[in-house]
Amino acid sequence: MAAATEKASINGLFESETLEVVTFLVADTLYACPVSQVRYIEQDNRKTTRIETTQGYNEVTTYQGRPVPIYDFCSMLGVPAEYQENRELIKLLKSKEKDHIAWVDALEHSIRTGSAFTKARDPAECAFGKWYAQFEAKDMILRDILADMEEPHRRIHGLANQLLDLCKDGHQDEALKRLSIEKSRTLVKLLDLFVMAHSRTGSITRPILLFVETQKKMVAFRLNAISDLKSVSRSQFCHFDDVESHDLKQLSFMAGFIQITDDAPMVLIDWNLFALKPDPKLDEFLEEKAS
């Protein structure tokens with residue numbers, strides 16, 4: 001451990017026995033970076049400039065008049081970003097909400113006209129039902145909302161056989177009456193739950209920008225959220241060079257691990273080590289904006 005703390009001192013992370021860090025979670029791994037390297041944290045709602053560079057597209061914003069490139073932390077790690085997954089989930093929920101309105105409209109049309117009803121009658125066979133069976137929300141409130149959908153979703157799909165059988169027996173008016181009642185009760189309940197689900201997903205989809213100073217320039221990293229502020233000790237640090245193998249060793253700005261009791265270790269970041277492949281177009285753009 002003595003060698004590890006010596007390396008930490010060389011990196012300039014531990015100027016004393018303790019280090020204040022900001023933590024954030026990505027793909028079930030907790031990361032920490034020194035508070036001293038953080039300049040600003042804010043919700044990701046800034047207007048940005050999107051420029052084409054030699055390495056693809058890059059976003060640039062400003063901080064106190066300085067141009068600042070934005071990097072997506074999850075993309076750098078090669079893992080999906082939670083906020084992007086949530087945005088896709090919102091689209092899916094809104095789409096399936098419309099699908100069930102269309103489903104009921106199609107059933108009513110079949111009852112009125114006698115035309116064939118071709119949509120899924122089994123709640124487990126519709127597109128939403130198949131998705132619903134395999135999806136598990138991480139957020140507890142969203143999980144409860146989705147659980148409440150099961151009964152009205154099953155009841156709505158159960159109407160097809162019941163009401164179409166009534167029509168076969170010559171009771172079209174009764175079938176339409178029952179459908180009207182279920183539309184005002186069960187369908188409304190289901191649609192309200194869809195709205196609650198995508199509203200809740202929207203409320204927890206608030207990525208942030210973490211502005212940090214590196215040795216060469218200020219940069220901003222887009223994160224799902226900030227988890228906590230912690231104080232860690234020099235004795236809890238283990239340098240990556242002292243670990244036989246770890247996937248994160250290939251990333252220049254990963255300094256090592258922080259082991260706190262029996263919890264999974266945090267990955268300690270040193271933004272002074274941050275370096276990307278030179279990008280002349282991006283550098284030219286930043287220099288032009290800074291002048």
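Leu 210 has Phe 221 in strand 8 as its bridge partner. This is a predicted model, where local features need pLDDT of at least 70, side-chain atom pairs count only at pLDDT 80 or more, and totals for chains, interfaces and linings use all residues. Residues are numbered from 1 along each chain as its sequence is written, and side-chain values use heavy atoms, leaving out hydrogens and water.

Some terms, quickly. Helices (H or I, at least four residues) and strands (E, at least two) are DSSP runs, numbered from the N terminus. Two strands pair if DSSP finds at least two bridges between them.

Back to the strands. Strand 7 and strand 8 (residues 218–223) run antiparallel, joined by 6 bridges. They form a hairpin, with 4 residues between them. Strand 3 (residues 38–43) also runs antiparallel to strand 7, with 5 bridges. There, Gln 43 stands opposite Ile 208.

Is strand 7 enclosed or open? Strand 7 (residues 208–213) is largely enclosed by the rest of the structure, because 6 of its 6 residues are buried. Buried means under 20% relative accessible area, exposed over 50%, partly exposed in between (1.4 Å probe, protein chains only). Ile 208, Leu 210 and Val 212 point one way. Leu 209, Phe 211 and Glu 213 point the other way.

Now helix 4, residues 127–134. Phe 128, Gly 129 and Trp 131 are buried there. They sit on the same side of helix 4, because they cover an arc of only 165 degrees around the axis (taken from the directions from the helix axis to the C-beta atoms). The face turned away from that buried side carries exposed Ala 133 and Gln 134. The buried residues pack against helix 3 (82–113), helix 5 (140–168) and helix 6 (172–203), where contact means heavy atoms within 4.5 Å.
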